[in-house]
Amino acid sequence: MQDKSRRERAEAAVVVCSDATWAWQGAYVLARSMALDRSGRLDHHAYLVGEVPEGLLSVYPEGVTVHHLTEYPRAFHYDATAHVPAATMLRLFALEDLAPAYRRVIYLDGDVYQAWGSLADLLDLPETGRPLAAVRNRSHWPDRGRLHQLRAYVAALHPGIGADYFNAGVLVVNGPVWAEGALSAAALDFFVRNPGLCRFGDQSALNAVVAGNWDSLSPGWNWQISQNSYLMLQGRRPRLVHFTGPIKPWTDRLRLHDPEIYRDMKRFLRDRGQSHLLDAGAGPDGFTLDMERRRMRALAHLADDPLGKREVVKLFLDAPAHVDLAAGIAAYDVGAAGSD
């Protein structure tokens, strides 16, 4: 373990997990959190597994505690996919380590962008006794009933989940409750025993063992980009944008996302002498005039039927049941132009 911080432990931990594939992205997520926080209530941790070059380790900001594991603490078999890499399973081990030491542990995926505000605001959520707070998975945002196939899949994980299936890209874990329930071990055991059910890796396993017993956050804390949610970013400025799917800011050849996110990532790596980690051919820098027509077609597809898409999810967006709303914690930048 490489420890870059010796100061007194804070109230909560922010943590990202990765192997070498997404190591710099995790470092950027932590750097962004540190830059936007002045509360002193947050420690920052990175969990890395496997061989990670020294150049990648060097991009982690001073003050981050880097836990570098040569291998996973427990054996399991997982067939990685393009959207769910094997390193996602490291999340279970990180939470198992950190939950006994902190009142709250805030986990973030490496493709989550913190647009504004401090994550320390999440520490003012009410104490409900539940193990975590999260945002419902985007497949469950619509107010109308979902496909039978989706309902059947969730019910197979646990019949008590119902519509309360969360996305694990952003988790606010109640440290004492999580540790007491040994939920990391329970989720890993479920995964090992039911690999066919866990099509989304440990996210599936976590939902199975939590079984709907979690607090709902407004989607502004994990705004999962999709065809249905893309256009609504123009009307709301969520705290955390989650680039689910294959198009990330660093692979956004058609420049569909906010270009400032990519420019900020470029500055982050340039300041650390690691600009070569960005693939110019895959990212926005590879955009050519010949691609403009493809870009406009893609944008038109994403912008199709904005009122209809808004109507489908409007009840969920501002549901009174979201614990952050009840606590008066803003999930959207109310100063953003056009916010509703």
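Both faces of strand 3 are covered in this predicted model: Leu42, His44, Ala46 and Leu48 on one side are buried, and so are Asp43, His45, Tyr47 and Val49 on the other. Buried here means under 20% relative accessible area, exposed means over 50%, and partly exposed lies in between (1.4 Å probe, protein chains only). Strands (E, at least two residues) and helices (H or I, at least four) are DSSP runs, numbered from the N terminus. Residues are numbered from 1 along each chain as its sequence is written. As for what counts, local features need pLDDT of at least 70 and side-chain atom pairs pLDDT 80 or more, while totals for chains, interfaces and linings use all residues, and side-chain values use heavy atoms, with hydrogens and water left out.

Strand 3 has partners in strand 2 and strand 4. With strand 2 (residues 12-18) it pairs in the parallel sense over 7 bridges, and with strand 4 (residues 64-69) the pairing is again parallel, over 6 bridges. Two strands pair if DSSP finds at least two bridges between them. Tyr47 is a handy landmark: Cys17 stands opposite it, and in strand 4 its bridge partner is His67. Strand 2, helix 1 (residues 23-35) and strand 3 also make up a right-handed β-α-β unit; right-handed means that, with the strands pointing away from the viewer, the path from the first strand over the helix to the second runs clockwise.

Helix 1 also meets helix 8 (259-271). Their axes come within 11 Å and cross at roughly 100°, so helix 1 is roughly perpendicular to helix 8. Axes are lines fitted to C-alpha atoms, for helices over the stretch in contact, with angles from 0 to 180 degrees between N-to-C directions; roughly perpendicular covers 65 to 115 degrees. On the helix 1 side, Trp24, Ala27, Tyr28, Ala31 and Arg32 make the contact (heavy atoms within 4.5 Å), and helix 8 brings Ile261, Asp264, Met265, Phe268 and Leu269. By class, that is 8 nonpolar, no polar and 2 charged residues, where nonpolar takes in Ala, Val, Leu, Ile, Met, Phe, Trp, Tyr, Cys and Pro, charged takes in Asp, Glu, Lys and Arg, and the others, Gly among them, are polar.

Most residues other than glycine have a negative phi. Ala182, in the loop between helix 5 (175-181) and helix 6 (183-193), has a positive phi near 50° and is partly exposed at 42% relative accessibility. Arg255 has a positive phi of about 55°; this residue is found in the loop between strand 11 (240-242) and helix 8, and is partly exposed at 37%.

Technical notes
Angles under 35 degrees count as roughly parallel, over 145 as roughly antiparallel, 65 to 115 as roughly perpendicular and the rest as oblique.
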